[in-house]
Amino acid sequence: MCLFRYADDPEPEERGPAGPLYVPVRPGTAQVVLRMFRTPLGERTAIGFTRSDLLAATLGAGHPYIRLSESALRALASPLGGCRLTIDPALTAPAVTPAPTQTRTRTRTGDVAARAL
């Protein structure tokens, strides 16, 4: 928050356009498909990164991306139900992986042993 107002900068807190963004796309498809994400509250959002190293740090090295302007990203995300746009997300969680299942087996003595698959 800026405590002082300047004549040449009427809204110093207001961010300008982000410029061309690095937008993650879905890997492994023949066509380019925009990846949609969810906010912590469950709302769908499209994300864009201002630098490729930020994208790699968040989604992993080698993750496919395209370069889009902010307005083009909004236009692509709106038919997919994503009205929110997040630039350089600060908090991310790792992908959910299923917990290993355990099976019970009987030994010769009749004891029950559990082992992870």
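Mentor: A residue is buried if its relative accessible area is under 20%, exposed if it is over 50%, and partly exposed in between. This is a predicted model.

Trainee: Why is G19 called partly exposed?

Mentor: G19 has a relative accessible area of 29%. That value lies between the cut-offs of 20% and 50%, so G19 counts as partly exposed.

Trainee: Where is G19 found, and which residues does it touch?

Mentor: G19 is in the segment before β1. Leaving out residues up to four places away in sequence, G19 touches L68, S69 and E70. G19 and R67 are 48 residues apart in sequence, and their C-alpha atoms are 9.8 Å apart in space.

Trainee: How many helices and strands does the chain have, and in what pattern?

Mentor: There are two helices and seven strands. Along the sequence they follow the pattern β-β-β-α-β-α-β-β-β. The chain has 117 residues, and buried residues make up 20% of them.

Trainee: What makes Y22 and Y65 an edge-to-face pair?

Mentor: Two values decide the matter. The ring centres of Y22 and Y65 are 5.1 Å apart, and rings pair if their centres lie within 6.5 Å. Their planes stand at 70°, and planes over 60 degrees apart count as edge-to-face. The pair is therefore edge-to-face. A search of the whole structure finds one aromatic pair.

Trainee: Which parts of the chain does the pair link?

Mentor: The pair links distant parts of the chain: Y22 belongs to strand β1 (residues 21-24) and Y65 to strand β4 (residues 65-68), 43 residues apart.

Trainee: How do you know whether Y22 and Y65 are buried, partly exposed or exposed?

Mentor: Y22 has 14% relative accessibility, so Y22 counts as buried, the limit being under 20%. Y65 has 39%, so Y65 counts as partly exposed. The charged end of R67 also sits over the ring of Y22, 4.0 Å from its centre; the limit for that distance is within 6 Å.

Trainee: Which residues make up the largest nonpolar core?

Mentor: This core has ten residues: L21, V23, L34, M36, A46, L68, L73, A77, L85 and I87. At least two of its residues come from each of β1, α2 (70-77) and β5 (84-87). Another core, of five residues, lies apart from it and includes Y22, I47, F49 and L55. In soluble globular proteins, nonpolar side chains tend to be buried together.

Trainee: Why is strand β3 described as largely enclosed?

Mentor: Strand β3 (residues 44-48) has five residues and four of them are buried, so the rest of the structure largely encloses it.

Trainee: What makes β2 and β3 a pair of strands?

Mentor: Three bridges join strand β2 (residues 36-38) to β3, and pairing needs at least two, so the two strands pair. They run antiparallel. R38 stands opposite R44 in β3, and M36 stands opposite A46. Their hairpin has five residues between the strands, and G42 takes a positive phi near 95° there.

Trainee: In what sense do β3 and β5 pair, and over how many bridges?

Mentor: They pair in the parallel sense, over four bridges. A46 has L85 as its bridge partner in β5, and T45 has R84.

Trainee: Why are β2 and β5 called edge strands?

Mentor: The open sheet of three strands has the order β2-β3-β5, with mixed pairing. β2 and β5 each pair on one side only, and they are the edge strands. On average, neighbouring strands of this sheet are turned by 50° against each other, direction ignored. α2 packs on the sheet and touches β2, β3 and β5; its direction makes about 150° with that of β3.

How values were computed. Residues are numbered from 1 along each chain as its sequence is written. This is a predicted model: local features need pLDDT of at least 70, side-chain atom pairs count only at pLDDT 80 or more; totals for chains, interfaces and linings use all residues. Side-chain values use heavy atoms; hydrogens and water are left out. Rings of Phe, Tyr and Trp (its six-membered ring) pair if their centres lie within 6.5 Å; planes under 30 degrees apart count as stacked, over 60 as edge-to-face and the rest as tilted. Buried means under 20% relative accessible area, exposed over 50%, partly exposed in between (1.4 Å probe, protein chains only). A charge sits over a ring if NZ of Lys or CZ of Arg is within 6 Å of the ring centre and within 35 degrees of the ring normal. A nonpolar core is a set of buried Ala, Val, Leu, Ile, Met, Phe, Trp, Tyr and Cys residues joined through side-chain atoms within 4.5 Å. Axes are lines fitted to C-alpha atoms, for helices over the stretch in contact, and angles run from 0 to 180 degrees between N-to-C directions. Contact means heavy atoms within 4.5 Å.
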